[in-house]
Amino acid sequence: MPMNPRWCLSEEEWKARIGSWIDDPTPQALLELNVVLDCRYAWGSRELAEAFGKMAGEATGNSPGLLHSLARHASLLSPPAPWRRMKAPVDIKEALKPLEAQARVLALEYGIRTPGTLARLDALGSAGYLSRHGVIDLKIAFESLWRIRFLLQIEGHRAPVRSSDAVDPGILS
């Protein structure tokens, strides 16, 4: 992303871009907004990165229509059918998306601007929006799926073929 000119913008250009997402929440705009809402500082100007995240979070929180669009998008994401019944490989990345999207929307609804699914779940629990047991269960599910995905990627790098997020449900038990 740092090499993509679409993501190398000034603060004013970002304000305009975020404004365009609010005015026209297309599927691509929602995808890009989700990327921004999960953005974390890694290098460069920490102040710009923090301003960037604050801008996106505030704009989303101040726009009920955009929050509704994000919630509608999150509700369209469905986890795979129970794995015991599946014969085809399960895409772990796709299995994670509903949990990530719904945690993001719930956090935004309650004014929580923390990036990252696990941090959002903790914040939602601390604020009393999710039960302690609900947070634990969701975190276990999320971490388990991520662990499987991570192990698949490690295994994929050992093989002469490109790694994949697909896992045979028969090997899970």
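Close-up 1. Glu94 and Lys97 sit three residues apart in helix α5, so about one helical turn separates them. They form a salt bridge, with their closest N and O atoms 2.9 Å apart; the term asks for a side-chain nitrogen of Lys or Arg within 4 Å of a carboxyl oxygen of Asp or Glu. Glu94 is partly exposed at 37% relative accessible area, and Lys97 is partly exposed too, at 28%. Here buried stands for under 20% relative accessible area, exposed for over 50%, and partly exposed for what falls in between (1.4 Å probe, protein chains only). Helices (H or I, at least four residues) and strands (E, at least two) are DSSP runs, numbered from the N terminus.

A quick note on what you're looking at: this is a predicted model, where local features need pLDDT of at least 70 and side-chain atom pairs count only at pLDDT 80 or more, while totals for chains, interfaces and linings use all residues. Residues are numbered from 1 along each chain as its sequence is written, and side-chain values use heavy atoms, leaving out hydrogens and water.

**Close-up 2. The whole protein, before zooming in again.** The protein has seven helices and two strands, and from the N terminus on they run α-α-α-α-β-α-α-α-β. Its C-alpha atoms fill a box of roughly 50 × 40 × 30 Å along the principal axes. Of its 173 residues, 32% count as buried.

**Close-up 3. Trp14 and the largest nonpolar core.** This core has 21 residues, and Trp14, Trp21, Leu33, Val36 and Leu70 touch the most other members. A nonpolar core is a set of buried Ala, Val, Leu, Ile, Met, Phe, Trp, Tyr and Cys residues joined through side-chain atoms within 4.5 Å. The elements giving two or more residues to it are α1 (11–23), α2 (27–37), α3 (46–61), α4 (64–76) and α5 (92–109). With five residues, α2 gives the most. Setting aside neighbours within four places in sequence, Trp14 is in contact with Arg6, Trp7, Leu9, Trp21, Val36, Phe52 and Met55, where contact means heavy atoms within 4.5 Å.

Close-up 4. Lys15 pairs up with Glu12 in a salt bridge, the closest N and O atoms being 3.5 Å apart. Both residues lie in helix α1, three residues apart, or about one turn. Lys15 is partly exposed at 40% relative accessible area, whereas Glu12 is exposed at 54%.

Close-up 5. Helix α7 covers residues 132–158. Lys139 forms a salt bridge with Asp122, with the closest N and O atoms 2.8 Å apart. Lys139 is in α7 and Asp122 in α6, so the pair ties together parts 17 residues apart in sequence. Asp122 is partly exposed, at 35% relative accessible area.

**Close-up 6. Thr117, tucked into α6.** Thr117 belongs to helix α6 (residues 117–126) and is buried, with a relative accessible area of 7%. Beyond its neighbours within four places in sequence, Thr117 is in contact with Leu99, Glu100, Ala103 and Phe142.
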